[in-house]
Amino acid sequence: MLIEERSAALRVSQAPSGTALASARGLPVHGAVLLAAACVVIAALTLLLPSAPTYDPWSWIIWGREIAHLDLVTTEGPSWKPLPVAFTTIFSFFGSWSPDLWLVVARAGAIAACALAFRVARGLGGGIVGGVAAACALAIAPWWIRSGALGNSEGLLVALVLGAIDREIAGDRRFAFWLAVCAGLLRPEVWPFLGLYGLFVMYTKAYSWRVVVGVGVAVLAVWTLPEWWGSGDLLRAAHRAKNVNAGAPTYADNPAREVLHDAGLMLTTPLIVGLLCCGVMVIARRRDRIMAVVIAMSIAWLGLVAYMTSDGFSGNQRYLMGPVALLMVLGGAGIGWALGLVVDGIARYVPAVRSVGRRPSLVVVVLASAVVGLVFAAPSFERFSPNLRGLKYQAQLADELPGLIRTAGGAEKLKACGTPFTGPFLVPVVAWNLRMHTKDIRLSPQAPSVTFRVRTTARARAVPSLKDVGDDTTLATGSKWRIVASCGSPGA
């Protein structure tokens, strides 16, 4: 346990004792290793289900392979992210296992984030019940499941941010700093908070200014120098982030308000009630600085995303996962604290309840946690099955393609026929299987061509159109894909 408890079940003390802090400092290495190992094992087991990365992770996987071959090209694809590509560069030496290895890391991060949501909500004063509420709400959220299952990096981001908060609560500032640095390698929105925390680390003398400044320079370097190598543009990632797909909040009449509205939709009614309780909690516990900092951070992060969206960035749901996850933790902490107050209030007037309030039994703790966890998870249940069906379809798309390429004669034969074309969201998976750069996969077929025609969702129309190349020569057909060739020169 990171914090000395005065009420073993529903609440923890407002601040850990000196003894608790000292013991907490001895835990992080072993605790982090055990947590990471458990999450990796669980994540690896999820590969028994249909699994495949989505657009951005496929691009990181390709870039890892290209770095290993000293042939990085980032002119096309999503924004650069240093930490995922560091993993995928190592994984590239495992060949076809690389996509699965990245999925394990991404999913392990999402799983760890749920465990850390429990720890942080509990550490902020929500007790076990509040921790369970936060963990259940996050774990079952449909946008969270989908993002983690498809290999996006937001699960890892939230795990690192919550891990840094957890270590700060425990007084282990050095470990917290390095976790925050890793979070800064996933999203640039983290940089302002990392900079402020770096100043705090210097002020408290946890690290010297040379270390903090050096790390800051290194973070900027790994964000920009690989882009310079791969595209010739140091700021290509920022420019790409402003190349926004249709339907993004950027195109709303008021982009900032649209972003805040989307964030609100990600929060369920129990979480909003918990956040109201959290506000009361802060007023009642004025000395709780860490709680105040987490609240300020979540609000500032949301505000930053809203501002960036007004400035031309997409502001899609993945931008919001970090601050919304923090709000979920705060909501869990708030409801746990409020329930603790209710138990204390009842105990004053009902003698039979007094002993429960002072030393609740394990049965009471489990029952209270189960009820609250169910209440916080229930709003997301109805979207669980449709979400899984969509994930299964995406996995089938990726799983079917390698076999079809072999049936069509193999990657080299297809590349010799003509330029590969496919739908806009399937470019990276085609590039991976053909061992090509993403920039070499085009969207609007022109002869000579090999067109990878696909239904991106179960009800979507197949893309791209074959009107300019015809569909006389089908090399391979599957349930999701059709490979159509138009070899030779145009008009031949």
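Helix α8 covers residues 173-183 and helix α9 residues 191-203; the two pack at an angle of about 160°, with their axes 10 Å apart. The axes are lines fitted to C-alpha atoms, for helices over the stretch in contact, and the angles run from 0 to 180 degrees between N-to-C directions. Helices here are DSSP runs (H or I, at least four residues), and strands (E, at least two) are likewise such runs, numbered from the N terminus. The structure is a predicted model, in which local features need pLDDT of at least 70 and side-chain atom pairs count only at pLDDT 80 or more, while totals for chains, interfaces and linings use all residues. Residues are numbered from 1 along each chain as its sequence is written, and side-chain values use heavy atoms, with hydrogens and water left out.

G332 belongs to helix α15 (residues 317-349). With 0% relative accessibility, G332 counts as buried, a term for under 20% relative accessible area, as against exposed for over 50% and partly exposed in between (1.4 Å probe, protein chains only). Leaving out residues up to four places away in sequence, G332 touches A121, G130, A133 and A134. G332 and V273 are 59 residues apart in sequence, yet 9.5 Å apart in space, C-alpha to C-alpha.

S153 is located in the loop between α6 (142-149) and α7 (154-170). S153 counts as buried, at 1% relative accessibility. Beyond its neighbours within four places in sequence, S153 is in contact with W60, K81, P84 and L186.

L414 occurs in helix α19 (residues 411-417) and, at 2% relative accessibility, counts as buried. Residues up to four places away in sequence aside, L414 touches I405, A408, L434, V450, F452, L475 and I483. Of these, L434 lies 20 residues from L414 in sequence and 8.5 Å from L414 in space, C-alpha to C-alpha.

Note on methods:
Contact means heavy atoms within 4.5 Å.
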